[in-house]
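Subject: Structure handover and notes

Dear colleague,

Please have the sequence and the structure at hand as you read.

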Amino acid sequence: MTFEEFAEARLQALLRYATVPTADPQLAQDLVQDVMVRMQGRWRKIEQYDRPERYVRRAIANAYVSWRRRWSVRNLVPFSAPPERIVPDVSEHDTGRSELWQQLRSRASPG
């Protein structure tokens, strides 16, 4: 089976496969496109495997994991929210819960 035949026969299934972890059809398309470009250059070796689709699916999964790792490193946000934003305000009429929230606020406040 040539690469073109494989791509034509299995592209929709690969897109569905990539959509599951990404939960985003556009991201899944980008992911599959990147992997298929890499697979095209190696197709002579890949087509000799018993199940070339399994190899391509694994490459898609690995590419997604790598993308998530890069994304999470680029989007780290230090946790420095003030305690007022962490613990919500409680209404005055709820005395039992109000005392509990006050204790939590006093433990959460710096210093």
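**The chain as a whole**

Please keep in mind throughout that this is a predicted model. The protein chain has 6 helices and 0 strands, so that, in keeping with the element order α-α-α-α-α-α read from the N terminus, helices are what you will meet along the way. Of its 111 residues, 24% count as buried. Among the contacts in the protein chain with a separation of 6 or more, 52% are made by residues 24 or more positions apart.

**The nonpolar core**

The largest nonpolar core holds 19 residues, and those with the most contacts inside it are Leu 14, Val 32, Val 35, Met 36, Met 39, Val 56 and Ile 60. Two or more residues are contributed to this core by each of α1, α2 (25-41), α3 (43-46) and α4 (52-74). As background, nonpolar side chains in soluble globular proteins tend to be buried together.

**Helix α1 and its bend**

Helix α1 covers residues 3-22, and its course deserves a careful look. Although α1 has 20 residues, its end C-alpha atoms are only 25 Å apart, whereas a straight helix would reach 28 Å at 1.5 Å a residue. Where along α1 is there a bend? The helix bends by about 55° at Arg 10. The buried residues of α1 are Phe 3, Phe 6, Ala 7, Ala 13, Leu 14, Leu 15, Ala 18 and Thr 22.

A polar atom of its side chain lies 2.8 Å from the backbone oxygen of Ala 18. Apart from neighbours within four places in sequence, Thr 22 is in contact with Leu 27, Ala 28, Leu 31 and Tyr 64.

After α1 comes Ala 23, which is found in the loop between α1 and α2. Most residues other than glycine have a negative phi, yet Ala 23, although it is not a glycine, has a positive phi of about 60°. Is Ala 23 buried or exposed? With a relative accessible area of 67%, Ala 23 is exposed.

Ala 28, in helix α2, counts as buried at 0% relative accessibility. Once neighbours within four places in sequence are set aside, Ala 28 is in contact with Leu 15, Ala 18, Thr 19 and Thr 22.

**Aromatic pairs**

The count of aromatic pairs comes to 4. One of them joins Phe 3 and Trp 43 in an edge-to-face arrangement, with 5.5 Å from centre to centre and 75° between the planes. This pair links distant parts of the chain, since Phe 3 belongs to helix α1 and Trp 43 to helix α3, 40 residues apart. Both partners are buried, Phe 3 with a relative accessible area of 11% and Trp 43 with one of 5%.

Another pair is formed by Tyr 64 and Trp 67, whose ring centres are 6.0 Å apart and whose planes meet at 25°, so the pair is stacked. These two residues are 3 residues apart in helix α4, and therefore separated by about one helical turn. Residues three or four places apart in an α-helix point the same way, because the helix has 3.6 residues a turn. Tyr 64 is buried, with a relative accessible area of 16%, whereas Trp 67 counts as partly exposed at 24% relative accessibility.

Finally, Phe 3 and Trp 43 return together with Phe 6, as the three form one aromatic cluster.

With best regards

Conventions. Residues are numbered from 1 along each chain as its sequence is written. This is a predicted model: local features need pLDDT of at least 70, side-chain atom pairs count only at pLDDT 80 or more; totals for chains, interfaces and linings use all residues. Side-chain values use heavy atoms; hydrogens and water are left out. Helices (H or I, at least four residues) and strands (E, at least two) are DSSP runs, numbered from the N terminus. A polar contact is a pair of N or O atoms within 3.5 Å; within protein, one must be able to donate a hydrogen and the other to accept it, and residues adjacent in sequence count only if both atoms are side-chain atoms. Contact means heavy atoms within 4.5 Å. The expected span of a helix is 1.5 Å times one less than its number of residues. The bend at a residue is the angle between axes fitted to the seven residues ending there and the seven starting there. Buried means under 20% relative accessible area, exposed over 50%, partly exposed in between (1.4 Å probe, protein chains only). A nonpolar core is a set of buried Ala, Val, Leu, Ile, Met, Phe, Trp, Tyr and Cys residues joined through side-chain atoms within 4.5 Å. Rings of Phe, Tyr and Trp (its six-membered ring) pair if their centres lie within 6.5 Å; planes under 30 degrees apart count as stacked, over 60 as edge-to-face and the rest as tilted.
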